[in-house]
Each structure stands twice: as structure tokens, then as C-alpha cells.
Amino acid sequence: MSAARGPAAIEVTDLTVAYGEKPVLWDVDVEIPQGTLTAVVGPNGAGKTTLIRAILGLVEPAAGRTLVLGSAYEANRRRVGYVPQRGSVDWDFPTDVLDVVLMGRYGHLGWLRRPGRADREAALDALRRVEMEAFAHRQISQLSGGQQQRVFLARALVQDADLYLMDEPFQGVDATTERAIVELLRELRSRGKTIVAVHHDLQTVPEYFDRVVLLNVRLVASGTVEEAFTEEALRKTYGGRSALFGPDGR
């Protein structure tokens, strides 16, 4: 660990998670430094979402431990923002965009205090940053997929977290929204924030991220994109071929 940056943003040690008798993650060790932008990649069923959920304490590991910013997640939960998969959210819930974003303030307020003017201003500012301020009073069910994803990003932003965990933030969004999200993530990194995102498009990993975790139940490789995102590691991750390298190596 770098003394200048303090503890790692995420430290996963000997992590094993099983659903029933089937291991989903097996003996995984990962360390992610603060102030970095990391992609978690691997085939379907590789355990990518489970890794995020284990870091957040949403699944019980069979073995191992996870630390967030040097401590157990519960001790630092206010410093962590989470953007779940869009498909895991009930978008028919009767609430508007501003209320969804204000939910990101509850960690600061506690559940008994109502959001005040400063919280509403922070929520509107977050919506401005994702170009959704004009939709503040729109029902979330009336938004497109890309707009819904922007709202969830705004909810994470309003937490003013140090670590952001994002499960497929580019899923189902158009090219314009994807570029806006990338710029936002880069801005967060420039302010010393750490972002870890489950990502599927191998072609854009070198452009969007500076670190990568390659996972297929077991850890295949982890490090900077230059170190870890190699043809050999991709072949091991994707069982001999990948979406980036064909079977003939091209």
C-alpha cells in the first residue's frame, strides 16, 4: 500500500462465496488503490456482481474478508456510493427523479430527519452534472434506460462518497450517455475518488479505465491495464477466446 494514499480503497483476501454448494467466487485476492478507475470484467456467471455485493456486505462469504478504506464496510458505509444494475430496480415504484436522488442523502441525514434546502440543492446540482435537472419532477417510470442510469449516478454523486461501486453503469445506454458517464467518472477520479465498475465491453477497457480485474470464479489477473489486460489473461478468463481476441489471435 502507498503510505501517501493511506489504505487501499478495497482489499479482498481469500474470498470465497457460494450459493448452496456451488462456489461463485473462489479464494479471490484483490487490492485496489485509492484514486483509481477499475473495470471488473469476465464472462457471464464469473462472479462480478457477487464480488461487488460481497464488498458491500450484501452476501455472506463462506471464507475470507473484505476491507473498504482500511476498515469493515459497516464502519465506512457513508463513504461508499453504489450504482446497482438497472435491471435490478423496480422502476414502477411511484416516485419522481428528485426523490430518488435525495435518497442518496439519507446516509448523511439518518432516516428520521427530512431533507432540507441544502440537501435539495445538492440533489439538483447532481442532476445538473448528469444533465437531468429538467426531469427533476418526472416519474422515474417515464424515463428511458439511459435517463434512469443518469438518475442513479446522480444519487451516488449526492452522497459525496470516496469510493463508488457500479454494476454495469453503461448497460442499455446510448453513445451520448456513455460518453457523459465516462467524463463524470474521470472527473471523480481527478478529485481522488475511487471507482470500481463491472464492465462488459472489452474494447473500451483501455480507453475508459486505468486498472482491471479479470475474474472467472477465480481471480485471473489484477493490476494496471498495461500489466493485466493481456491476450493471455483474456484467454484464461474467457476459456480460450474472448470478444477482443479471436481464436486465431486477431
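Me: How many residues of H1 are buried?
Reply: Six of the eight are buried, so H1 is largely enclosed by the rest of the structure. Buried means under 20% relative accessible area, exposed over 50% and partly exposed in between (1.4 Å probe, protein chains only). Helices (H or I, at least four residues) and strands (E, at least two) are DSSP runs, numbered from the N terminus. This is a predicted model, in which local features need pLDDT of at least 70 and side-chain atom pairs count only at pLDDT 80 or more, while totals for chains, interfaces and linings use all residues. Residues are numbered from 1 along each chain as its sequence is written, and side-chain values use heavy atoms, with hydrogens and water left out.

Me: Which residues of H1 are buried?
Reply: They are Lys 48, Thr 50, Leu 51, Ile 52, Ala 54 and Ile 55. After H1 comes Gly 57, with a positive phi near 75°.

Me: Which element gives the most to the lining of the second largest pocket?
Reply: That is H1 (residues 48-55), with four residues. The pocket holds about 170 Å³ of space. It has 14 lining residues, and those closest to its centre are Gly 45, Gly 47, Lys 48, Thr 49 and Thr 50. On a 1 Å grid over the protein atoms alone, a pocket is an open set of points with protein on both sides within 12 Å along at least five of seven lines, whereas a cavity is a set where a 1.4 Å probe fits but cannot get out; lining residues have an atom within 4 Å of a point. Points are joined across faces, edges and corners, and a volume is the space filled by probe spheres set on them.

Me: And how many cavities of 30 Å³ or more are there?
Reply: The search of the whole structure finds one. The largest cavity holds about 50 Å³. Its lining consists of Ile 10, Val 12, Val 30, Ile 32, Val 40, Leu 51, Ile 52, Ile 55, Val 196 and Val 213.

Me: Are Phe 170 and Tyr 208 buried or exposed?
Reply: Both are buried. Tyr 208 and Phe 209 are both buried as well, and Phe 170, Tyr 208 and Phe 209 form one aromatic cluster.

Me: What about the loop between S6 and H7: which residue there has an entry of its own?
Reply: Glu 168 lies in that loop. Its phi is positive, near 60°, in a residue other than glycine. Glu 168 counts as buried, at 12% relative accessibility.

Me: Where does Leu 69 lie?
Reply: Leu 69 is in the loop between strand S4 (63-68) and helix H2 (73-76). Its phi is near 55°, a positive value in a residue other than glycine, and Leu 69 is buried, with a relative accessible area of 6%.

Key
Rings of Phe, Tyr and Trp (its six-membered ring) pair if their centres lie within 6.5 Å; planes under 30 degrees apart count as stacked, over 60 as edge-to-face and the rest as tilted.
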